[in-house]
Amino acid sequence: MERTITVTVNGVTHRHEVEPRLLLVHYLREVLGLTGTHIGCDTTNCGACTILFNGRTAKSCNLLAVQANGATILTVEGLAQDGRLHPIQEAFWEEHGLQCGFCTPGMMLSALQILDRTPTPTDEEIRHGLDGNLCRCTGYQHIVNSVRSAGRRLKDAGVGAIPEAAGSPPVSAGGKGGAMRWP
Ligand code: FES
Ligand code: FES
């Protein structure tokens, strides 16, 4: 029997009837048409499906759509605002943080959580934070450079890493955040 879910994605609230077995990643891609969230494995290892779920990263292949009822989600499509790339997107572009781009949406969303928790991370902290995201192309160094560069850009702009539209984690989930959030 289908269930009704209400979920806010990239600042837009949606209401749909869904099968209880429908995976969240399939809901995002096939029901909402947000195909920037990729599927790269069937073992929850690759991180290509990473989103922000109530302000914290989650692998959307590892959640059911019904579990997102009432949640606030950010996907890669929600990063740019008013025609302006998010600093993490600018950094990946300028530091050559991608080749084929398949892993990139998940990498960028994981990077935002790293930078939210540690605005000026060391390379080791960046690599640890990206542990759940695999890339077959880059050798990772340019991705690390991109995250470091994004941290500098956010600091210069005086904003936190995670956009408002990503929602907020429970108070007990921790995370420092910036004085302001990206619009
Ligand atoms: S699709 Fe690979 S971890 Fe989700
Ligand atoms: S850029 Fe191709 S998988 Fe990462």
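Is N10 buried, partly exposed or exposed? I looked this up first. N10 counts as partly exposed because 17 C-beta neighbours lie inside 10 Å (20 or more other C-beta atoms within 10 Å make a residue buried, 12 or fewer exposed, anything in between partly exposed, with C-beta atoms placed from the backbone).

**Ground rules.** I am working with a predicted model, in which local features need pLDDT of at least 70, side-chain atom pairs count only at pLDDT 80 or more, and totals for chains, interfaces and linings use all residues. Residues are numbered from 1 along each chain as its sequence is written, and chains are lettered from A and ligands numbered from 1 in the order in which they are written.

**Positive phi.** I placed N10 in the loop between β1 and β2 (strands are DSSP runs of E, at least two residues, and helices are runs of H or I, at least four, numbered from the N terminus). Its phi is near 55 degrees, a positive value in a residue other than glycine. Most residues other than glycine have a negative phi. I noted T44 too, with phi near 55 degrees, in the loop between α1 and β3. T44 is exposed, with 11 other C-beta atoms within 10 Å. Just after α1, G33 has a positive phi of about 75 degrees.

**Helix α1.** I found L24, V25, Y27 and L28 buried in α1. Down the helix axis, the buried residues fall within an arc of 165 degrees, so they line one face of α1 (the arc is that of the directions from the helix axis to the C-beta atoms). These buried residues pack against β2 (12–18).

**Core.** I counted 46 residues in the largest nonpolar core (a set of buried Ala, Val, Leu, Ile, Met, Phe, Trp, Tyr and Cys residues joined through C-beta atoms within 7 Å). L52, M108, A111 and L112 have the most contacts inside this core. Helix α3 gives the most to the core, with 7 residues. The core draws at least three residues from each of domain 1 and domain 2. Leaving aside neighbours within four places in sequence, L112 is in contact with L52, I88, A161 and I162 (contact means C-beta atoms, placed from the backbone, within 7 Å).

**Domains.** I read the bounds as domain 1 (3–78) and domain 2 (87–159 + 168–173); such bounds come from an automatic or database assignment. Their C-alpha centres lie 20 Å apart. I found 17 residues of domain 1 in contact with 15 residues of domain 2. On the side of domain 1 that touches domain 2, β3 gives the most, with 3 residues.

Note on methods:
Two residues are in contact if their C-beta atoms, placed from the backbone, lie within 7 Å.
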